[in-house]
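Biologist: I have a structure open and would like to learn how to read it. Could you walk me through it, beginning with the ligand?

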Amino acid sequence: MQLEMGKSPTISRVKVLLPLPLAGPYDYAAGAHALSPGDYVRVPLGPRTVTGVIWDCDAAEAGDKEPVAEHKLREVETRIDLPPMPETLRRLIDWVAAYTLAAPGAVLKMTLNTPQALKPPPMRTVYRVGDVDGGTGAAIRMTPARQRVLDILADGPPQTASAVAEAAAVSSSVVKGLEKAGVLIAQKSKGDAPFAMPDPGHPRAELSEVQQTAADSVSAAVQKKSFEVLLLDGVTGAGKTEVYFEGIAAALELKRETLILVPEIALTVQWLERFESRFGIRPAEWHSDLGSGERRRAWRAVAEGGAPVLVGARSALFLPFANLGLIVVDEEHDSSYKQEDGVAYNARDMAIVRAREAEIPVILATATPSLETIVNAEQGRYTHLKISERHGDAGMPHVETIDMRTDPPPSQSWLSPQLSMALLKTIAAGEQALLFLNRRGYAPLTLCRACGHRLQCPNCQAWLVEHRHSSRLHCHHCDYAQAMPRECPSCKAEDKFAACGPGVERLAEEVHALLPDARIAVLSSDTLTGPVAIEEFIRRVEDHEVDILIGTQVVAKGHHFPLLTLVGVVDADLGLAGGDLRAAERTFQILSQVSGRAGRETRGGVAYLQTYMPDHPVMQALAAGDRDQFLACEGDSRKQLALPPYGRLAALILSSENEAAARQAGRALARSAPTGDGIMVLGPAPAPMALLRGRHRIRLLMKVPRAAPIQRLLQDWVTKAPPPRNVRLQIDIDPYSFN
Ligand code: ADP
Ligand code: ZN
């Protein structure tokens, strides 16, 4: 008999993938439920009930191990009332699991991490205008607040008291009062408020000719409904956002969904405003700052096809879109697309996989493409759309290095005379300046002047960082924090601690001494703690309530401030220290980004890079504005060493609370390391972060030729020398971090 995939009651055995680190799907009996692949179900597991997804309705396949006997199968308890998980997402999950060597259930967990969305949505009380007096409220005392509420509800759909109150800028009691007076009528509504449809025909800015050409390619790709990777490669300020908005418009016209991935969703306040002015409303959002109710609303809306456009952090890639028409990866080069904990995946790469599975285009937008991406474009695998000029009259900023060996700052200061002078001039001209220093807190290191002891985290191999903002010492790698001690833990000397080196807080002191009247804002993840703080910061800069911004990488990207004409990079060499595979590439990217904040409108912009290595290829390329030359050199040296993108890497990180156990497991792995043409294994060696959150860490690095079956090699290898129970092994394919 032929088994049908539809809702056929003849299927008795189903395979259910559970969001747990298990080998694969488990068999269950369908019982009386009509089940199809993709259905969300509740099933018993030991004494618990867990939510899973029907992965397959077929009976046991060839090659399966001995199937569980029919009478031993436990039964599916409930089928959750939701559209099934789309097949393209199920295939993506399998693909990511196979690629990263993670358990499929661990990948599924990234989709099912919003348990509240899988429960029936709560009932809401919504309000509409009643029929008394034709809804005019003629019989009651009318106030401006009441009138605004009535106006909003007269024109739109029923809304909750809090939503109307917010829209009308009144308190909820006004709404309740109107209900009591009989003017408004309360009714129950199932589910969350839907997301409105962005309007592709909303009036928009006119595109320049180059922008229009790029936009046409993007729209055509969306209309073609086939897989294509488009590299939207345009200098900072080129208007890449405006260009890919046209792709979104094309998808909206086709009633298809768009997913936009951004590296730091908390920093997209200005982006959201631009979206609103292009499409009339804000899109759905997905990020870790969402409250539990908002998360449920977004997840369910996606699952039910009610989120036409969603912008999100990397985890949005695993949302259950059924009708995607376009994926955009903004700032594709950004290393925050790489997740290191848990399933080690790169959301940029997996977005390309999802697009391929869904047969849709994906746009990679950036001013500083990663080497991987540029090589793919050069080899013709990606469509390369180039915009080499800023939009309108804005020119590119002038970038200059300051040689710190010949123009050093005074002792215990960090600004060279040249940069100080530029700062004074900029502020005198009524313009704004940004000083970039990628170091949070006051000082990166605190030491005892009596004995030289350095204050270190007890759980990590890392210095404690002084934060005057919170007047504590913090570890930036774990949660550890303590008050500044009076006494040195080593020599017991009192009050002998000295701060070494600058963080943004300390730099602010220096700038304040230089320009006592200037209004300074210190910006890092410590001060920009959420969307509200960021919105307020942007407003203050836009309203010129701030003269000098001092910030870490949180201010390096995305922002567009017309008055900002000077960028000073306080320590341009910082990212080059350590020298991992991408140190030069990453430094080039972030310094291009931060320089690109200067002079974004008609006032010219200047960026100064303070460096002790003005001859370094990165500094030379930045000063010459010659990205392509830099990428070519970087590419050549990677090619010679067969490093990515010309070869492939996998990192193996062993960690344990027991140092000897980790070392021993490392030696055991090394002994059974794979050999063969072009295969090289480095290590075991203590990781640069040899102690992290109380765990001792040993690393091995495997380098293989591009075409080598890296997953199979790793699997065979690990099977030969599995680590003992007290040692955890993390495999990271295409690693970004070498700590
Ligand atoms: P990029 O992302 O390439 O750095 P943006 O998309 O942020 O550049 O654009 C830079 C600035 O130029 C933004 O303020 C944007 O609103 C403006 N801009 C870009 N294109 C246009 C256009 N065609 N008309 C008007 N303003 C534009
Ligand atoms: Zn720590």
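Modeller: Happy to! A polar contact is a pair of N or O atoms within 3.5 Å; within protein, one must be able to donate a hydrogen and the other to accept it, and residues adjacent in sequence count only if both atoms are side-chain atoms. Here, a polar side-chain atom of His391 lies 3.2 Å from a nitrogen atom of ligand 1. Please keep in mind that this is a predicted model, where local features need pLDDT of at least 70, side-chain atom pairs count only at pLDDT 80 or more, and totals for chains, interfaces and linings use all residues. Side-chain values use heavy atoms, without hydrogens and water, residues are numbered from 1 along each chain as its sequence is written, and chains are lettered from A and ligands numbered from 1 in the order in which they are written.

Biologist: Which side chains have a polar atom facing an oxygen atom of ligand 1?

Modeller: Arg274 has a polar side-chain atom 2.7 Å from an oxygen atom of ligand 1. For Glu242, an N or O atom of the side chain is 3.3 Å from a ligand oxygen. As for cover, ligand 1 alone exposes 550 Å², and the protein buries 79% of that (Shrake-Rupley method, 1.4 Å probe).

Biologist: What kinds of residues make up the shell around ligand 1?

Modeller: A residue is near a molecule if one of its heavy atoms lies within 4 Å of it. There are 16 residues around ligand 1, and Glu206, Gln211, Gly237, Lys240 and Arg274 come nearest. The shell divides into four nonpolar, seven polar and five charged residues; Asp, Glu, Lys and Arg count as charged, while Gly is among the polar ones. Helix H7 (residues 240-253) gives the largest share, three residues; helices are DSSP runs of H or I with at least four residues, and strands are E runs of at least two.
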